[in-house]
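Let's take a walk through this protein together. Have the sequence and the 3D view at hand as you read.

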Amino acid sequence: MDRSLDSTDIKILRELQDDGRLSNVELARRINLSPAACLERVKRLQADGIIQRYVALLDPHRLEAGMLVFVEVVLDRTTPDNFDDFKATVLRMPQIMECHMVAGGFDYLVKARVRDMNEYRLFLGELLSTARGVRETHTYAVMEEVKSVTAIPLDGLPGGLAGGASGGTLRG
């Protein structure tokens, strides 16, 4: 990032996290800026890599991916080659939405979505557990999604205390 963010940049980010489909004219209106100045700022935020991409958030239950699981993965050896092999394997599995190397009692935390328990059993037994270097896994099936958001908190940045976008849904 070439320069620091100001309060107008934060307002833009807050609005776009809440609705990435806003037209430039509507975004400019909401943040009280001319459309040309607003577009210039959005382009700079994109060029600086702060805005990485725009996506549509889909309802997994309506798309036969309603079962959410978290899986702790322990590798048999923590070597660079094993890490690279596991990463390459995970990148080929569309069921895996997120995979994080973590410090602690296991090596990776995987977030995956599948249709149901039968599909999960196949995913675990035929794909994840059999991946080269995997020693053991521990699964946590989600019974209720209490909070699921995509927005990054902006409160600690200039102009970030003004409240705003939730970037996701609260479920109860």
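In which helix is the place of Asp9? Asp9 sits in helix α1, which covers residues 7-18. Keep in mind that you are looking at a predicted model. Is Asp9 buried or exposed? Its relative accessible area is 0%, and because anything under 20% counts as buried, Asp9 is buried. The side chain of Asp9 also has a partner: a polar contact of 2.7 Å links it to the side chain of Arg44.

Now turn to the sheet. Four strands make up an open sheet, ordered β2-β3-β1-β4, with antiparallel pairing. At the edges are β2 and β4 (134-141), each of which pairs on one side only. From one strand to the next, the twist averages 20°.

Start with β2 (residues 96-101) and β3 (residues 108-114), an antiparallel pair held over five bridges. To find your place, look for Ile96, whose bridge partner in β3 is Ala112. These two strands form a hairpin with six residues between them, and in the turn Gly104 has a positive phi of about 140°.

Next, follow β1 (residues 67-75), which is joined to β4 by seven bridges in the antiparallel sense. Here Val69 has Ala141 of β4 as its bridge partner. Helix α5 (residues 117-128) lies across β1, β2, β3 and β4, and runs at about 20° to β1.

How far can you trust the picture? The average pLDDT of the protein is 91, and 90% of the residues score at least 70. Residues 162-172 are another matter, as pLDDT stays under 50 there. Where pLDDT is low, the predicted coordinates should not be read in detail.

Note on methods
Residues numbered from 1 in each chain as written. Predicted model: local features only at pLDDT ≥ 70, side-chain atom pairs only at ≥ 80, totals over all residues. Heavy atoms only, no water. Pairing = 2+ DSSP bridges. pLDDT = per-residue confidence, 0-100. Contact = heavy atoms within 4.5 Å. Buried < 20%, exposed > 50% of the residue type's maximum accessible area, 1.4 Å probe, protein only. Polar contact = N/O pair within 3.5 Å; in protein donor to acceptor, adjacent residues only side chain to side chain. Axes fitted to C-alpha atoms, helices over the stretch in contact; angles between N-to-C directions.
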